[in-house]
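Here are a few friendly notes to go with the model you are about to open. Have a look at the fold first, then read on.

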Amino acid sequence: MQDIDAIGTLIGQPQTVLITTHQNPDADAMGSSLGLAGYLRKKGHHVTVVTPTDYGQNLHWLSGNEGVIDFNEKSRVQVTQLVADADVIFCLDFSALDRIRDLAPLVRQARARKVMIDHHLEPESFADLQLWDTSAAATAQLIFQLITALGDKELIDVPIAECLYAGLMTDTGSFRHGNTTGDVHRTAAELLDIGIDVSSIHRRIFDNVSLDKFRLLGYVLNEKLKVLPQYKFAYIMLTDSELKRYRSKTGDTEGMVNYALAVEGVVMAAILIDRVDEIRLSFRSVGDFSVRELASTHFNGGGHRNAAGGRSKLSLAETERRLLDVLPLYQQQLAEVV
Ligand code: 5GP
Ligand code: MN
C-alpha cells in the first residue's frame, strides 16, 4: 500500500515530527531515519529521532546522529513529552509495534498521525498512512522513492545521500543478496551522482571494528560454531557471561550469523544470544528457504525470507532444545535448497 500523496499532504506544512525505528537499530534503520530527518528539516519541520535502544558506534558518524535520543529510564520524561507533542510520527524499518519495545505504548496512544515506512513482511496495521513495499531492498530505498515522488530529489545533499546509501548498502549485504535489483543499483547510482564517497562509507561501517569485537569473533569461530550437516544448518550460541568476558557492546554480534551461513554446505544459520531479559535469535538462509516463516511460527518473530529474527523467554539451553526440536520439521525443505 502506497500512501505517498497523502504523506505529501500531511507534511505539506511544517510539523512537529518524531521519527522512530526498531530496537537495536542497524544501518538501514538509522540511515533511513536520519536521511528522512535531514530531508524534513530542509522542508522546515521540527524533527526529533528517538531510538528504542542504543546502536553500534560504527553508525555514529551518520549526519544528525548527535541529536538522536536513546529511549531509556533517563530520557523517559523527555521522550514522553516529545511523543505527546508530535503532530506526525514516522515509524521506519519495522511494521509491528513490539519491535520498538517500551516505546510501543507511547506511540500507540499518541495523538499524532502515524506513518509507517517499511519493507518487512506481515505488517500490523497500527499506522494511519503507509509506504510499505516488501520488494524494496531497504527502507532507505523507500525514503529515496518518497522524496523523489514528492518532487524534492534536489534536496538530497551529500549528508542525506550518505545516510540512504548506508541503509541500501548494508541491507543488500553490499549489493550481493537476492534483494539487489536494478532499482537498487539505480538508486545507488543516483546517490553516487550526488557526490558521496562510497569507499569511505564502506570503511566507516565495516572497517571500523573494535579489537574486542574481533577477539569475540575469534572465540566464536573457534569454539562456538556448531554445524549440523544433516540439516545443512549451522548455529552459534552466546551466553551473557561470554559477552561480558569480551566486553561486548551493542552491535558487536551484528553480522556474526553470516559466518555460520558461509560454512560450506550450509543453507540456514542462526545465532542465539542471551540478552538477560530474553533470548534473541537471528536467522539467515539462502534460496527459497524462509527463515521468516520459521521465526514467526516458533520464535515470536519475523523479518524477511532470508533474514529474520525472533525471541524466546526460555533459558538459552531450552531455546536451543526448541530449535533442535523444530529442525526435523524443515529437514525436507532444507535438503532441497542448493
Ligand atoms: P537481525 O537478525 O539482523 O536482527 O534481523 C534480520 C531481519 O529480521 C531484520 O530485517 C529485522 O528487522 C527482522 N527482525 C529481527 N528480529 C525480529 C523480530 O523479533 N520480529 C520481526 N517481525 N522482525 C524481526
Ligand atoms: Mn531494513
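**Notes on the fold**

1. Of the contacts in the protein between residues at least 6 apart in sequence, 66% join residues at least 24 apart; two residues are in contact if their C-beta atoms, placed from the backbone, lie within 7 Å. Please keep in mind that this is a predicted model, where local features need pLDDT of at least 70, side-chain atom pairs count only at pLDDT 80 or more, and totals for chains, interfaces and linings use all residues. Residues are numbered from 1 along each chain as its sequence is written, while chains are lettered from A and ligands numbered from 1 in the order in which they are written.

2. On overall dimensions, the C-alpha trace spans about 60 × 40 × 40 Å along its principal axes. Of the 338 residues, 44% count as buried, meaning that 20 or more other C-beta atoms, placed from the backbone, lie within 10 Å of the residue's own.

3. Where they meet, 13 residues of domain 1 are in contact with 8 residues of domain 2. The domain 1 side of this meeting has 3 nonpolar, 7 polar and 3 charged residues, with Ala, Val, Leu, Ile, Met, Phe, Trp, Tyr, Cys and Pro counted as nonpolar, Asp, Glu, Lys and Arg as charged, and the others, Gly among them, as polar.

4. An unreviewed UniProt entry annotates residues 17-167 as "domain: DDH".

Notes. Buried ≥ 20, exposed ≤ 12 C-beta atoms within 10 Å, placed from the backbone. UniProt positions renumbered as here; feature names shortened; annotations may be inferred.
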